[in-house]
Amino acid sequence: MARPHHPEFDKKKIVAENRRARYDYAIEDKFEAGIALTGTEVKSLRFGEGSISESYAEVKDGEVWLINANIPEFSHGNRFNHEPKRPRKLLLREREIAKMFGAVARQGMTLVPLSVYFNGRGRAKVELALARGRKAPDKREYQKEKDWKREQGRLMRERG
């Protein structure tokens, strides 16, 4: 069954965002991936806890894993609690995994998680980007461009 693909995914509640990723990386392609979680991890995320600022994803043995994402232990989780920084499996279609693997292997790209959120059906999702790292001059250029766009908007509002 083919599902409609929308450029901006159905984000009802954003839990964690990697804001620095857009500055450090030039984003080429975005994917929406499901994430395999335990019960206490879902509860922690529902409380808005979790961080993906230092995390990344990698393709290993035909599967995609989210590495170094921090979901703190659930406060009422007793002995069934999870390990906060364990690798978590991302759920994607085989074609998407093959595309990612090819880009990472051949073109030296990186898989960067941009955000973790709950969609309209209450499922935890990860917005994953296929990105190319920026060097310092590129970052300065990006910042100038962003500032100029903001200034343009301001000028247009004042005059129009």
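This is a predicted model: local features need pLDDT of at least 70, side-chain atom pairs count only at pLDDT 80 or more; totals for chains, interfaces and linings use all residues.

1. The largest cavity holds about 60 Å³ of space.

2. Cavity lining. Residues from several stretches of the sequence contribute, including Ala16, Ile35, Leu45, Gly50, Ser51, Ile52, Leu66 and Val116. Ala69, Asn70 and Ile71 are also among the lining residues. By class, the lining comprises 8 nonpolar and 3 polar residues, with no charged residue.

3. Salt bridges overall. The model has 11 salt bridges. Three of these pairs are discussed in the points that follow.

4. Glu41 and Arg88. The closest N and O atoms of this salt bridge are 2.8 Å apart. Because Glu41 belongs to helix α2 (residues 39–46) and Arg88 to strand β5 (residues 88–91), the pair ties together parts that are 47 residues apart in sequence. Both Glu41 and Arg88 are buried.

5. Arg20 and Asp24. Here the salt bridge has its closest N and O atoms 3.3 Å apart. Arg20 has a relative accessibility of 52% and therefore counts as exposed, the cut-off being over 50%.

6. Glu58 and Lys60. This salt bridge places the closest N and O atoms 3.2 Å apart. Glu58 is partly exposed, at 27% relative accessible area, and Lys60 is likewise partly exposed, at 42%.

Terms used. Residues are numbered from 1 along each chain as its sequence is written. Side-chain values use heavy atoms; hydrogens and water are left out. On a 1 Å grid over the protein atoms alone, a cavity is a set of points where a 1.4 Å probe fits but cannot get out, and a pocket is an open set with protein on both sides within 12 Å along at least five of seven lines; lining residues have an atom within 4 Å of a point. Grid points are joined across faces, edges and corners, and a volume is the space filled by probe spheres set on the points. Ala, Val, Leu, Ile, Met, Phe, Trp, Tyr, Cys and Pro count as nonpolar, Asp, Glu, Lys and Arg as charged, and the others, Gly among them, as polar. A salt bridge is a side-chain nitrogen of Lys or Arg within 4 Å of a carboxyl oxygen of Asp or Glu. Buried means under 20% relative accessible area, exposed over 50%, partly exposed in between (1.4 Å probe, protein chains only). Helices (H or I, at least four residues) and strands (E, at least two) are DSSP runs, numbered from the N terminus.
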